[in-house]
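I hope they are handy when you have the coordinates open.

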Amino acid sequence: MSQPDTKHLIGLLLGAEEDWPRAFEELLARVGPIRTADGDKHEVSVQRLTIEPFDLRQDVHPDLVIDRLAYWYYHPREWLKKAALVNGTYLLNSPFTFQSMEKHSAYCAMLRLGLKVPQTVLVPYKHPVDNSRWAYTAAKYNRAFDLDTIAEKLGYPLFMKPFDGGGWRGVSRVRNRDELHRAYDDSGEMLMHLQESIEGYDVFARSLTVGAETMVMNFRPELPMHDRYAVSHDFLTAETGAEVLAISRLINAFFRWEFNSCEVLVRGTEVYPIDYANGCPDIAITSLHYYFPWAISALLKWSLFCTVTGRRPRLDLETAKYFEIADSDRTYAEKLTAYAALSETYFQTGRYTEFCASVLPDMDDIVREWVGSPEFDAVLVDTVRATYPQAEHERFLAHFRGLLGLWKTDNAI
Ligand SMILES: Nc1ncnc2c1ncn2[C@@H]1O[C@H](COP(=O)(O)OP(=O)(O)OP(=O)(O)O)[C@@H](O)[C@H]1O
Ligand SMILES: [Mg+2]
């Protein structure tokens, strides 16, 4: 008697986005049921989750949830924690590692692991948070400090930015004393880092990671959103490219972050990490364009790998294993190599690659066909209409169709 199909459910906890969820749903429908090497058949479906009262003992139906809300909202965040603790649901990402380990923690971990984080100082709140007891504590125990001395030690220009960061909120490039004080006064109840600026960098590399896959992209933060990712393939030397990849994988494996974007500035042969914690990375078609098909297929492949193989969430950070390498007398390059082995173990890179090759052998063809289909174009058209003023629709459609056309050419058989 043949075994009944195993059913899996992927839940999407969504904000305002429509483009990638629709793309994800369409691509999953095209992939269809999955047959593993042992002959078992898996049916995977996807559902957009709703926010509603929940009993802490209630079942959670999805095996895996891709979350886009926990960073901002308590209710879905607490539901995710319940799902992780009570039901063992697989989460991309888990609030247990993302909520507690934001940008500041990533700097600390990177420092401890021997990476080249720019000089960074955390200063107390400009205004005590709105809590009468904190006002008392601050008045009694906050030690007076000289902001100018800290800034002069770091040197101008410097960056002032919130310790938990995201979306350029509260980020300023400070060129002198006046700007320093203005920025600090404006920071109010935000907790701020002062950070040495990496001036005159050659390249800004932004890496998007989905599970065991990482794409390193040439990012130009000074341009408008639709132009920030350049389509360029050899913008780093092989050596620097490998270093950027190794650092991204290391930090993601270290914190168990499986859906994240990381930023480094490259000056000469030096690689400086500046932002390694983005729990809700941008994957809009209007910013990723050329890289969008890769991002959606990686998200789908990783979700299928986790659900179909029954990969379990692993929140134990095992920091000692990493610190043992950090504390050894290996060189920087040797440490990166040793860390890479830990990253591969965490992400089961070998097993994932094998899974994609044997269980999803047609994936590239399916993605190619999908990107060439009217359904894919409809996602683009609807997104452009929802994103830009009417007078700009034609221009942007031509722009993104051009870039996706380039993807089609580059990925043609
Ligand atoms: N130390 C630095 N040296 C040079 N440039 C920096 C530095 N820190 C930040 N920047 C610039 O400021 C921008 C915003 O900083 P950062 O990425 O830390 O903030 P964010 O709020 O996380 O922004 P985003 O959401 O765009 O990643 C960076 O993209 C970079 O252009
Ligand atoms: Mg950033």
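This is a predicted model: local features need pLDDT of at least 70, side-chain atom pairs count only at pLDDT 80 or more; totals for chains, interfaces and linings use all residues.

1. Val65 has Leu91 as its bridge partner in β5, and β4 and β5 pair in the parallel sense over three bridges. Two strands count as paired here if DSSP finds at least two bridges between them. Strands (E, at least two residues) and helices (H or I, at least four) are DSSP runs, numbered from the N terminus.

2. Residues are numbered from 1 along each chain as its sequence is written, chains are lettered from A and ligands numbered from 1 in the order in which they are written, and side-chain values use heavy atoms, with hydrogens and water left out.

3. Which order do the strands take in the open sheet of five? The order is β2-β3-β1-β4-β5, with mixed pairing. β2 (34-35) and β5 (90-92) stand at the edges with a single partner strand each, so one side of each has no neighbour in the sheet. Strands β1 (residues 6-13) and β3 (residues 41-48) pair in the parallel sense over seven bridges, and Val46 in β3 is the bridge partner of Ile10.

4. Strand β4 (residues 64-67) is covered on both faces: Leu64 and Ile66 on one side, and Val65 and Asp67 on the other, are all buried. Buried means under 20% relative accessible area, exposed over 50%, and partly exposed in between (1.4 Å probe, protein chains only).

5. On to charges: the count comes to 24 salt bridges, each being a side-chain nitrogen of Lys or Arg within 4 Å of a carboxyl oxygen of Asp or Glu. Arg206 and Glu263 form one, with the closest N and O atoms 2.7 Å apart. That pair links strand β10 (residues 203-210) with strand β13 (residues 259-267), the two residues being 57 apart, and both are buried.

6. Lys301 and Glu213 form another salt bridge, at 3.2 Å between the closest N and O atoms. Lys301 lies in helix α10 (residues 292-309) and Glu213 in strand β11 (residues 213-219), so parts 88 residues apart in sequence are tied together. Both Lys301 and Glu213 are buried.

7. Elsewhere, Glu18, Glu25 and Arg48 are linked in a network of salt bridges.

8. A cavity is a set of points on a 1 Å grid over the protein atoms alone where a 1.4 Å probe fits but cannot get out, and lining residues have an atom within 4 Å of a point. Among the lining residues are Ala212, Arg249 and Phe347, and helix α12 (residues 332-347) gives the most to the lining, with three residues.

How values were computed: On a 1 Å grid over the protein atoms alone, a cavity is a set of points where a 1.4 Å probe fits but cannot get out, and a pocket is an open set with protein on both sides within 12 Å along at least five of seven lines; lining residues have an atom within 4 Å of a point.
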